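Colleague: I'd like to learn how to read a sheet and the pockets around it. Can you walk me through this one?

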Amino acid sequence: MKYLLYFIALLGFSSWHASGANGIVVVANTQDTSITLSRQEVRNLFMGSSLSYGLKAVALPPDNQTRVMFNTKVVGLTESRIQSYWAQMRFTGRKTPPKQVANEKSVLTYLKNNQGAVGYLPANTVIPKSLTVIYTSQ
């Protein structure tokens with residue numbers, strides 16, 4: 001059983017790595033194209049804190065591979081820890097999780113149509129000129 005789980009994990013990593021999506025870009029629809037954020041600022045934004053830029057985060061579903069990579073590289077928490085955090089925030093009424101969209105294509109569409117929206121995508125995504133890359137993680 002242990003070897004089967006290892007094999008499945010290896011297959012998942014191989015398909016993810018083969019897709020060329022080994023980095024993350026955080027993209028915003030903002031008129032201020034000079035905005036660049038640190039990893040900690042991006043993490044705070046997606047964990048419900050507001051920044052002075054007035055950006056609103058949009059996230060992918062929990063089972064999405066890009067979200068898993070974003071959680072690992074930027075947020076630094078597992079999906080279960082993030083879900084636990086949001087459950088506590090909702091219960092206490094302190095914060096609401098980012099709006100969730102179905103997939104990477106939906107993130108791009110949402111970002112293009114909503115001023116102030118910010119989302120994450122694989123680094124190999126072609127970003128339209130109307131959007132601004134505000135953070136890159138390799």
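Colleague: Which residue is the bridge partner of A57 in strand 4?

Modeller: Strands of a sheet pair through backbone hydrogen bonds, either parallel or antiparallel. Here A57 has V118 as its bridge partner in strand 4. Strand 2 (56-59) and strand 4 (residues 117-122) run parallel to each other over 2 bridges. Two strands count as paired if DSSP finds at least two bridges between them. Strands are DSSP runs of E with at least two residues, helices are runs of H or I with at least four, and both are numbered from the N terminus.

Colleague: Is this an experimental structure or a predicted one?

Modeller: It's a predicted model, where local features need pLDDT of at least 70, side-chain atom pairs need 80 or more, and totals for chains, interfaces and linings use all residues. Numbering starts from 1 along each chain as its sequence is written, and side-chain values use heavy atoms, with hydrogens and water left out.

Colleague: In what order do the strands sit in the sheet?

Modeller: The 5 strands form an open sheet in the order 3-2-4-1-5, with mixed pairing. At the edges are strand 3 (99-100) and strand 5 (132-137), each pairing on one side only.

Colleague: Now the pockets. What is the volume of the largest pocket?

Modeller: First, the idea. On a 1 Å grid over the protein atoms alone, a pocket is an open set of points where a 1.4 Å probe fits, with protein on both sides within 12 Å along at least five of seven lines; lining residues have an atom within 4 Å of a point. Points are joined across faces, edges and corners, and the volume is the space filled by probe spheres set on them. Here the largest pocket comes to about 280 Å³. It has 19 lining residues, and G48, L55, K56, A57 and T96 are the closest to its centre. Strand 2 gives the most to this lining, with 3 residues.

Colleague: How many residues of that lining are nonpolar, polar and charged?

Modeller: There are 11 nonpolar, 5 polar and 3 charged. Nonpolar covers Ala, Val, Leu, Ile, Met, Phe, Trp, Tyr, Cys and Pro; Asp, Glu, Lys and Arg are charged; the others, Gly among them, are polar.

Colleague: And which helices supply at least two residues each to the second largest pocket?

Modeller: Helix 3 (65-75) and helix 4 (79-92) do. That pocket holds about 180 Å³. Of its 15 lining residues, A59, R67, I82, W86 and P98 are the closest to the centre.
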